[in-house]
Amino acid sequence: MNLVLTHAKYQVLETIRVPIAVIGTTFFPVAAMLFFVVPNVGDNPVAATLATASMVTFAMSTTCLFTYGIGVAEDRTRPWERFTRTLPAGATPRFLGRIINGVVFIFLSIVPVVIVAAVVTEATASARQLVLAAGALLAGTIPFTLLGLAIGYALPSKAALAVAQVLFLPLAVGGGLMSDPNHMPGWLAAISPYLPTRGAGELMWAALTDFRIDPKAMATLGAWTVVLAVIAVWAYRRDEGLRFS
Amino acid sequence: MAQPLARAVDVTRRYGETLALDRVTVEIRAGELVGLLGPNGAGKSTLINLLIGLRRPTAGRVELLGGDPRDPARRRSIGVTPQETGLPPTLRVGECVDFVAAHYPDPVDRDDLLHRFGLDGLARRQTGGLSGGQKRRLAVALAFVGRPRLVFLDEPTTGLDAAARRALWDAIRAFHAEGGTVLLTSHYLDEIEELAQRVVVLADGRVIADDTVDAIRGLVAVRRVSLVAPELPPLSGVLATEHVDGRIHLMTTDSDRLVRELVGFGIDFRDLEIRPTSLEEAFLAITDRATTGSLR
């Protein structure tokens, strides 16, 4: 356990000293919050709460794609990771350390969004709703962590960067995170339930407002979780086989 | 005899179709300072990767301190050098040492270690801001953090200037003098001659020689017969011929016979020189012979 925390600590230190990485993680969601949400929700508390939930989901999914996807792919090319495998620890502490590192950066990306929501908008939530939202966020984080790991372990770093950059915005828009989820254009509303961002978003909206969950979106979120888990495990094992067997 | 600290017994390793190691048997015994030599692609890195648990043999057995090197507990008594290009650029020197130290029950004192490797006062510097030589020394120092019994030093002085190399050699010798065991690879043969007592030579995935530095030199006893002459007829016992600046260099194990032959053929030669070879030349001659031998 101590070694897991050691690995997590030094991974966070490594990342946090690259200012652009920190800004990249925290900037997008809070910028989207300031430029799109704040001017549009006015003094409507439900709209503000819904939009904040969307931005938190957006922050989480983007951070997963980038910290896990690109982070893992880059690490795989670095001799330092190979060196850490010669230390008396095995692969587990580094892997778990990476997960903790991801959680830290998800946290860093959502905190500014929540602060803006609380200070500048009419968004409200009871303590019970906040606990539910935390649970919803956790459930939504699982498939996106798996997506990031699958990209990171399956692809070389340049391809991982490209795939993460191609995916993050369409996933967010398609999932209804960038607009009012109840009033999406028809064609987008038709594909939306099949995207993992929609399911993760719906869990958040339902936790914080009286939004009614679409069972179809939940079923696809579950299916995404299973499929991405299979791909992530396959990619991890393949990578282990290529580099460490 | 004492239990070897590390050993490979009849180890074969393939990467797909490529045969990287072919039934290699090597033992590293406590207190030895062993040089591992071989041209690129000979299997040096593969052998080290097997001994430090990064890779598994395709066939045969690899042991580290009496167990499987892939078991983390076995690696508590070894130290490995990362490639200096691989240090995390944003971590500070002290943090790199602390990170590695967290893996060992009784790590060395950080300041002592940095002092020993000429890195005093750099603990708070990010590794990305170090000079090439400083990075190299830090990389080597990291192998010694956990008070290892056996260190694997892969090209430890590549890219260092003469003074820094000397300093690093002193640190390696001091470790060895206190009873430490070292497996060293190097492109610099003078480094192996300077430090190692025993040399294992790999070529084409096989051990072609495993003996003391002197014996490796003596094993081949290659001499260089150098002369200026017109066309030479085929001569017996010539391992290699080179033409440099109008001189002909003939590598041979029997220079006396070669000179008698030159005289016997009535060749009009001048400026004859006969010199013993360096380990580098001897090494090239034996790997050459092993390679052509395997082609026949």
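How many helices and strands are there in chain B? Chain B has 9 helices and 13 strands, where helices (H or I, at least four residues) and strands (E, at least two) are DSSP runs, numbered from the N terminus. What you're looking at is a predicted model, in which local features need pLDDT of at least 70, side-chain atom pairs count only at pLDDT 80 or more, and totals for chains, interfaces and linings use all residues. As for labels, residues are numbered from 1 along each chain as its sequence is written, while chains are lettered from A and ligands numbered from 1 in the order in which they are written.

**Chain B as a whole**

- The C-alpha trace of chain B spans about 70 × 45 × 35 Å along its principal axes.
- Chain B has 296 residues, and 40% of them count as buried. A residue is buried if 20 or more other C-beta atoms lie within 10 Å of its own, exposed if 12 or fewer, and partly exposed in between, with C-beta atoms placed from the backbone.
- Take the contacts in chain B between residues at least 6 apart in sequence: 68% of these join residues at least 24 apart. Two residues are in contact if their C-beta atoms, placed from the backbone, lie within 7 Å.

**Strands and sheets in chain B**

- Strands of a sheet pair through backbone hydrogen bonds, either parallel or antiparallel. Here, two strands pair if DSSP finds at least two bridges between them.
- An open sheet is formed by 6 strands of chain B in the order E5-E6-E7-E3-E8-E9, with mixed pairing. Strand E5 (78-80) and strand E9 (206-212) of chain B each have a single partner strand, so they stand at the edges and one side of each is left without a neighbour in the sheet. On average, neighbouring strands of this sheet are turned by 15° against each other, direction ignored; the axes behind such angles are lines fitted to C-alpha atoms, for helices over the stretch in contact, and angles run from 0 to 180 degrees between N-to-C directions.
- Inside that order, strand E3 (residues 33-37) and strand E8 (residues 198-203) of chain B pair in the parallel sense over 4 bridges. Val34(B) has Arg198(B) in E8(B) as its bridge partner.
- Strand E1 (residues 6-15) of chain B runs antiparallel to strand E4 (residues 59-64) of chain B, joined by 5 bridges. Ala6(B) sits opposite Leu64(B) in E4(B).
- E1(B) is also joined to strand E2 (residues 18-28) of chain B, again antiparallel, by 7 bridges. Tyr15(B) has Thr18(B) in E2(B) as its bridge partner.
- The hairpin of E1(B) and E2(B) has 2 residues between the strands, and Gly16(B) takes a positive phi near 60° there.

**Two aspartates with positive phi**

- Asp10(B), in strand E1 of chain B, has a phi near 55°, a positive value in a residue other than glycine. Asp10(B) counts as exposed because it has 11 C-beta neighbours inside 10 Å.
- Asp271(B) isn't a glycine either, yet has a positive phi of about 55°. It's found in strand E13 (residues 270-276) of chain B and is exposed, with 10 other C-beta atoms within 10 Å.

**Helix packing in chain A**

- The axes of helix H3 (residues 45-77) and helix H7 (residues 157-174) of chain A come within 9 Å and cross at roughly 175°. That makes H3(A) roughly antiparallel to H7(A) (under 35 degrees counts as roughly parallel, over 145 as roughly antiparallel, 65 to 115 as roughly perpendicular and the rest as oblique).
- Residues of H3(A) including Phe58(A), Leu65(A) and Ile70(A) meet a set in H7(A) that includes Leu161(A), Leu167(A) and Phe168(A). By class, this contact has 13 nonpolar, 5 polar and 1 charged residues. Ala, Val, Leu, Ile, Met, Phe, Trp, Tyr, Cys and Pro count as nonpolar, Asp, Glu, Lys and Arg as charged, and the others, Gly among them, as polar.

**Where the chains meet**

- The contact takes 20 residues from chain A and 23 residues from chain B. On the chain A side, H1(A) gives the largest share, 5 residues.
- That side of chain A has 11 nonpolar, 4 polar and 5 charged residues.
- Helix H2 (residues 93-101) of chain B has Val93(B), Cys96(B), Val97(B), Phe99(B) and Val100(B) as its buried residues. They lie on the same side of H2(B), because they cover an arc of only 160° around the axis, an arc taken from the directions from the helix axis to the C-beta atoms.
- These buried residues of H2(B) pack against helix H1 (2-16) of chain A, together with helix H3 (110-116) and helix H4 (132-142) of chain B.
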